[in-house]
Amino acid sequence: MADEPLIYENQFNVQGGNFNDAGKVASHIKAILKGFGIPSEAVRKTALVAYESEINIVSYARKGVIHLRLARDQVVIETIDEGLGIADIELAMQEGYSTATDKIREMGFGAGMGLANIRNFSDIFQISSEPGKGTSLKMIIKWRP
Amino acid sequence: MILLEIKDLLDAEVLVGENQMDMEVKTAFGADLMSDVLAFAQSGSLLLTGLTNPQVIRTADVLDIAAIIIVRGKRPSPDTVQLAGDLGIPILVTRFILFETAGRLYQAGIRGCLVKVDGSVHGHG
């Protein structure tokens, strides 16, 4: 991974609490990957994990950054936010567990599926968090070049 | 079926995409939970939902959903309509409830984009 040359790299800022724009970065990432001719199933998985991550930053953080790194046979999405963080990661990963507000639920999220979806659609998924500081996610999606 | 036939079948109003009514669709997915739409809906399908906020359009865009059918006669906000227009995603509004909308589409030959989810049935707690 470390030695693999990158085809493309970019990063996008996400503002916490800005529910109107939630999903904008994911749409942008999807368009970039399509432009590179990445297989559609990998584009779909990447856009999905980017979108759920973006919703999480908007919902639970003051601000965050989504990094996109594209290689020949995989894409890496890494998110780093400054926000509430997660005290019990194992609990937060459980389908159905949520601390979402009404505002988040009104958008059609907050049913405790976000992190589970992110894990299920990633080939490699890593999460780390410090309560009161923030959460970092790393997702890798692979395909056959 | 093409969108124009679906519009007639559901007695629907077209809010966005009047010029895309010749688009052909074969499958659909219905839910109000966007995380489930993300997990299960397939590209090229119709999305049946009762939600009307801009996240419905973002979700449809991320998945390359063919068109959105808003059920129960709900009116999306101008923001939502504008975003759908910008992204080229048709919106139809029907006054039929979700069950009736799905039934009518199924009877006319539209099928679920997946029939069953994998794994066993499980609950929480």
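User: How many residues does the contact take from chain B and how many from chain A?

Analyst: The model is predicted, with local features needing pLDDT of at least 70 and side-chain atom pairs counting only at pLDDT 80 or more, while totals for chains, interfaces and linings use all residues. Residues are numbered from 1 along each chain as its sequence is written, and chains are lettered from A in the order in which they are written. The contact takes 19 residues from chain B and 20 residues from chain A; two residues are in contact if their C-beta atoms, placed from the backbone, lie within 7 Å.

User: Which elements give two or more residues to the side of chain B that touches chain A?

Analyst: They are α2 (34-40) and α3 (54-63) of chain B. The largest share, seven residues, comes from α3(B). Helices are DSSP runs of H or I with at least four residues, and strands are runs of E with at least two, numbered from the N terminus.

User: What makes chain A as compact as a globular protein of its length?

Analyst: Chain A holds five helices and five strands, in the order β-α-α-β-β-α-α-α-β-β along the sequence. The radius of gyration, taken over C-alpha atoms, is 15 Å for chain A, close to the 15 Å that the globule rule gives for 145 residues, so chain A is as compact as a globular protein of that length. That rule is 2.2 Å times the number of residues to the power 0.38.

User: What percentage of the residues in chain A is called buried?

Analyst: Buried residues make up 37% of the 145 residues in chain A; a residue is buried if 20 or more other C-beta atoms, placed from the backbone, lie within 10 Å of its own.

Terms used
A residue is buried if 20 or more other C-beta atoms lie within 10 Å of its own, exposed if 12 or fewer, and partly exposed in between; C-beta atoms are placed from the backbone.
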